[in-house]
Amino acid sequence: MLKAVILIGGPQKGTRFRPLSFEVPKPLFPVAGVPMIQHHIEACAQVPGMQEILLIGFYQPDEPLTQFLEAAQQEFHLPVRYLQEFAPLGTGGGLYHFRDQILAGGPEAFFVLNADVCSDFPLSAMLEAHRHQRHPFLLLGTTANRTQSLNYGCMVENPQTHEVLHYVEKPSTFISDIINCGIYLFSPEALKPLRDVFQRNQQDGQLEDSPGLWPGAGTIRLEQDVFSALAGQGQIYVHLTDGIWSQIKSAGSALYASRLYLSRYQTTHPERLAKHTPGGPRIRGTHPAPIPNLRPPPRFLTLSPELKPQSLFGVFAPRASLLLLGNVYIHPTAKVAPSAVLGPNVSIGKGVTVGEGVRLRESIVLHGATLQEHTCVLHSIVGWGSTVGRWARVEGTPNDPNPNDPRARMDSESLFKDGKLLPAITILGCRVRIPAEVLILNSIVLPHKELSRSFTNQIIL
Amino acid sequence: MKALILVGGYGTRLRPLTLSTPKPLVDFCNKPILLHQVEALAAAGVDHVILAVSYMSQVLEKEMKAQEQRLGIRISMSHEEEPLGTAGPLALARDLLSETADPFFVLNSDVICDFPFQAMVQFHRHHGQEGSILVTKVEEPSKYGVVVCEADTGRIHRFVEKPQVFVSNKINAGMYILSPAVLQRIQLQPTSIEKEVFPVMAKEGQLYAMELQGFWMDIGQPKDFLTGMCLFLQSLRQKQPERLCSGPGIVGNVLVDPSARIGQNCSIGPNVSLGPGVVVEDGVCIRRCTVLRDARIRSHSWLESCIVGWRCRVGQWVSLWTGLCGERGGRRAGEGQEKGGECARIPDRAYPLLEVRMENVTVLGEDVIVNDELYLNGASVLPHKSIGESVPEPRIIM
């Protein structure tokens with residue numbers, strides 16, 4: 001019998017996800033059309049013998065979270081429970097605090113998943129490796145290039161035994177190109193070292209409480225307190241994967257994760273991908289070619305004879321469809337005009353309206369938003385209930401990892417560099433109103449704001 | 001009567017358009033700049049127009065031969081081997097100009113207005129002295145050469161170049177009538193009429209100023225070209241409204257050549273001119289632009305304050321506009337230190353004519369292709385270029 005624990009954190013964490021995290025806890029933010037942790041739960045539910053899924057975090061259990069739990073239970077026919085920490089206990093503290101619930105029923109092992117990762121969750125492979133040789137801690141690892149590895153937890157692996165010999169979280173010098181995916185499989189024995197750390201931290205915590213530098217009482221940081229400390233002692237092992245993986249810390253990485261999941265849908269959930277229907281919107285799969293695509297226009301764009309010289313006002317809309325096989329998710333209740341062109345990497349949420357002649361690419365449009373006619377939305381997230389006026393242009397700058405390098409990962413995702421706002425995904429918060437014909441470029445607009453002009457490279461409060 | 005038009009040289013300020021065509025032949029509101037003047041001169045009784053040129057004269061000559069026939073007047077070329085300034089060309093054309101004893105017009109080729117040539121002739125005869133200058137009132141005279149004259153007679157006392165304090169708000173509009181006697185004051189060498197000839201004439205009481213009513217613009221550079229277009233279209237609204245376009249999606253003053261084509265669900269105007277053979281596809285929004293012959297604007301694009309050159313292809317969902325500034329420079333006076341930029345992408349309804357301060361107009365030269373889904377902010381694109389990447393800050397694309 002197996003269990004899974006998903007660490008979902010709390011409101012103080014995930015500030016890089018603002019302003020989107022003002023409206024919804026980050027773990028519930030839709031990535032490729034479904035809440036972030038639904039991908040985790042789906043993967044867990046597919047592991048034979050999975051008995052229960054526990055969410056540990058310190059969010060207040062509000063409407064969205066409760067509704068999500070109920071829906072998840074119904075869909076996956078598994079108990080999905082939320083265990084709320086009384087205070088932030090670190091990445092390991094919650095595990096120790098709720099150890100009785102985790103170990104209730106005597107599971108052979110339990111998965112521990114960070115909520116803010118995007119992955120294909122090779123849980124069965126990890127289980128097999130674990131059953132082959134049982135150890136307290138099995139970490140899922142993947143590769144990164146040298147410079148980018150410094151943004152993650154780095155592990156030195158014994159290539160024969162797969163033991164983790166050395167572990168450093170976000171080192172300042174190069175340690176290893178194997179990084180921690182934030183997805184683990186623990187034996188019940190793992191609780192013992194956690195207890196030791198807990199008790200030790202309790203003693204240290206009796207001293208002056210300086211938040212940020214020392215862990216407070218009851219907190220356990222898995223990475224520093226457990227993995228670093230126990231590396232090389234025959235307790236921690238790594239299972240390598242080369243499947244999709246990304247951290248989700250910012251809106252930009254959420255968009256990138258969306259792309260990864262959407263392309264995976266072709267095999268795992270083809271029903272979630274929009275298909276071209278006659279009279280429906282056109283779905284485009286690849287970027288327009290860099291070579292001028294304005295060769296003599298295809299036949300259907302020339303004017304029909306009766307529209308020649310006399311009439312000034314003609315009709316140009318091509319009737320035929322363009323490329324298919326775009327990775328686009330459209331919620332069934334969304335209304336998308338047939339002359340819109342979507343993709344690649346587009347997610348359209350519940351009740352969204354996409355008007356005539358809209359171009360939408362590499363973007364997420366959240367529930368209830370409206371894109372009026374002829375708008376162009378690229379590399380952006382349009383917040384819940386927002387409105388984008390006619391002919392407006394909302395555009396961001398992607399900072400995606402190099403697609404040609406399978407080891408390339410997101411870079412450190414800070415907003416500023418040298419005091420200047422780095423060009424990044426444009427984010428419109430909840431219920432933002434963008435007037436017609438303006439340009440919003442590389443900017444972040446906080447919720448409920450009504451803009452009256454164009455902005456570039458700014459945070460608009 | 002005769003007229004000398006100072007066409008001059010390379011028209012560098014109107015590049016990249018003038019890399020393809022001599023400036024006088026660039027269409028302004030669907031008619032070559034030069035033709036606006038020549039037609040007005042012909043209507044006022046001028047039967048001989050002399051063009052003082054130094055560049056691309058063969059192209060001009062060929063075009064003007066056709067116009068000769070059409071207008072029934074004589075058009076000569078006076079070709080400068082070296083640049084002769086603003087007065088030298090008169091000396092060069094001395095023989096032609098002295099064929100008769102009548103006074104003759106001298107015009108700068110860049111100016112557009114409601115040409116009051118008949119009134120100028122009468123004014124010149126009335127005072128009987130050697131020269132008459134058309135002057136116009138401007139808001140910021142210190143950018144120009146200013147004319148100080150008597151209010152009732154118009155007799156000019158003096159010229160002041162770019163005055164530091166307010167002297168007068170009237171400037172030289174670039175149109176004169178001169179008696180042949182003036183030719184004796186000019187030698188065949190580079191000479192400036194404003195600096196060397198006029199001041200002397202003014203001192204001798206030989207120079208008079210007539211104030212121009214109505215609009216005036218020097219359209220020698222893109223931003224003024226567009227401003228001039230707005231003024232011209234406004235004047236057209238008053239004088240010949242039937243020439244302007246109306247219909248679904250047409251807003252304000254819009255001039256459309258009969259052979260142009262506009263798609264559905266567009267919003268064209270105010271202040272737009274579409275040349276012959278221009279195709280504007282569905283869902284396009286164009287404000288305050290000139291689109292030259294045979295250009296094609298594909299669907300859902302948005303253009304404001306731009307000049308789109310001949311045979312250009314602007315892709316779908318393209319945004320073209322004229323930025324006030326990029327990320328760093330060009331802050332409006334009095335505004336705070338913003339880290340980000342502020343683009344003057346303001347619907348023209350809010351600023352109908354002149355008030356949008358522009359610096360870097362987006363101009364697409366001949367046969368430029370702009371790929372789908374890009375945006376260009378203040379890009380000056382040379383002919384035959386393909387643009388495959390957005391241009392976020394004003395730049396020249398060679």
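Is His162(A) buried, exposed or partly exposed? With a relative accessibility of 36%, His162(A) counts as partly exposed; here buried means under 20% relative accessible area, exposed over 50%, and partly exposed in between (1.4 Å probe, protein chains only).

Before going further, a word on what you are looking at. This is a predicted model, in which local features need pLDDT of at least 70 and side-chain atom pairs count only at pLDDT 80 or more, while totals for chains, interfaces and linings use all residues. Residues are numbered from 1 along each chain as its sequence is written, chains are lettered from A and ligands numbered from 1 in the order in which they are written, and side-chain values use heavy atoms, with hydrogens and water left out.

**Backbone details in the loops**

His162(A) has a positive phi of about 65 degrees although it is not a glycine. Its place is in the loop between β9 (153-157) and β10 (164-169) of chain A. Strands (E, at least two residues) and helices (H or I, at least four) are DSSP runs, numbered from the N terminus. Lys170(A), in the loop between β10 and β11 (178-186) of chain A, is not a glycine either, and its phi is positive at about 45 degrees. Lys170(A) is partly exposed, with 48% relative accessible area.

| Residue | Phi | Relative accessible area |
|---|---|---|
| His162(A) | about 65 degrees | 36% |
| Lys170(A) | about 45 degrees | 48% |

One runs from Gly343(A) to Pro344(A), with omega near 0 degrees, and Pro344(A) lies in the loop between β17 (341-342) and β18 (346-348) of chain A. Another joins Arg15(B) and Pro16(B), with omega about 5 degrees; Pro16(B) lies in the loop between β1 (2-8) and β2 (27-28) of chain B.

**A parallel sheet in chain A**

Seven strands of chain A form an open sheet with parallel pairing, in the order β14-β17-β20-β23-β26-β31-β33. At its edges stand β14 (282-283) and β33 (455-456), each with a single partner strand, so one side of each is left without a neighbour in the sheet. Two strands pair if DSSP finds at least two bridges between them, and β14(A) and β17(A) pair in the parallel sense over two bridges. Arg282(A) stands opposite Val341(A) in β17(A).

**A helix with two sides in chain B**

Which residues of helix α6 (residues 193-203) of chain B are buried? They are Ile193(B), Val197(B), Phe198(B), Met201(B) and Ala202(B). Seen down the axis of α6(B), these buried residues fall within an arc of 130 degrees, so they line one face of the helix; the arc is that of the directions from the helix axis to the C-beta atoms. An α-helix has 3.6 residues a turn, so residues three or four places apart point the same way. The buried residues of α6(B) pack against β8 (131-137), β10 (156-161), β11 (170-178) and β12 (207-211) of chain B. On the other side of α6(B), Lys195(B) and Lys203(B) are exposed. Gly205(B), with a positive phi near 70 degrees, follows α6(B).

**Chain B as a whole**

Chain B has seven helices and 31 strands. Its C-alpha trace spans about 60 × 50 × 40 Å along the principal axes. Of the 398 residues in chain B, 61% are buried.

Note on methods: Contact means heavy atoms within 4.5 Å.
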